[in-house]
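Here is a short note for a colleague who is new to this structure. Please look it over alongside the points below.

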Amino acid sequence: MTTKSYTQAVADGIWSAGTDLIGYVPSVTIAPVIDHLITADGGTAGISERVKPLSREEEAVGVLGALPLAGKFGAIVMQDNGFGNSLTALTTFSLSYHLPLLIFANTRGGPGEYNSMIHSISQPMPTILRTAGLHVLELDRRSSSEDWEQTVAEAGVHARMTYRPVVVLGSFWNTDGKVA
């Protein structure tokens, strides 16, 4: 029996949620997730019709968050420290206008984190997001990759059902024997 990698599980969960378009803010940690998303979309060499790089997190919220206005559904893949850039867009656009959006963000600042500066923004992020009114689900090595896939897919369904953004925070530390 072959167990699916955690990064493959995240990508499959995002597609299973019925996502029409995915935006990502590049980082080394989420690069394997992006590679799986592009491959699943039939893309090659880092290029895909439905998986697009964006420069900043608030740009991703604006682009992907507007898809429901056209009857489509979007997802964002990013790092959790990027919520510092995107909270205004999430609260004044996505939440205020009841626009569903699936966000998967890898977490920083936890066990295994080498960057001592990232703890200040990443460690309190789940509380900050919940305080802002966002629905947050958290995943780590205690759950199987199959659980990750189902949770990401269900988060997308929940976002569509409730017309709100839903955030899944995933810590890749000690999964698949590496960070991501």
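This is a predicted model: local features need pLDDT of at least 70, side-chain atom pairs count only at pLDDT 80 or more; totals for chains, interfaces and linings use all residues.

1. Residues are numbered from 1 along each chain as its sequence is written, and side-chain values use heavy atoms, leaving out hydrogens and water.

2. Start with helix 1 (residues 6-16). Helices (H or I, at least four residues) and strands (E, at least two) are DSSP runs, numbered from the N terminus. Nine of the eleven residues of helix 1 are buried, so it is largely enclosed by the rest of the structure. Buried means under 20% relative accessible area (1.4 Å probe, protein chains only). Among the buried residues are Tyr 6, Asp 12 and Trp 15.

3. What covers them? The cover of the buried residues of helix 1 includes strand 1 (21-24), helix 2 (31-40) and helix 7. Contact means heavy atoms within 4.5 Å.

4. The axes of helix 1 and helix 7 (residues 145-162) come within 7 Å and cross at roughly 25°. Axes are lines fitted to C-alpha atoms, for helices over the stretch in contact, with angles from 0 to 180 degrees between N-to-C directions. That makes helix 1 roughly parallel to helix 7 (angles under 35 degrees count as such). Residues in the contact include Ala 9 and Ile 14 of helix 1 and Trp 148 and Val 152 of helix 7.

5. The open sheet has six strands in the order 2-1-3-4-6-5, with parallel pairing. Two strands pair if DSSP finds at least two bridges between them. Strand 2 and strand 5 (135-139) are the edge strands.

How values were computed:
Angles under 35 degrees count as roughly parallel, over 145 as roughly antiparallel, 65 to 115 as roughly perpendicular and the rest as oblique. Buried means under 20% relative accessible area, exposed over 50%, partly exposed in between (1.4 Å probe, protein chains only).
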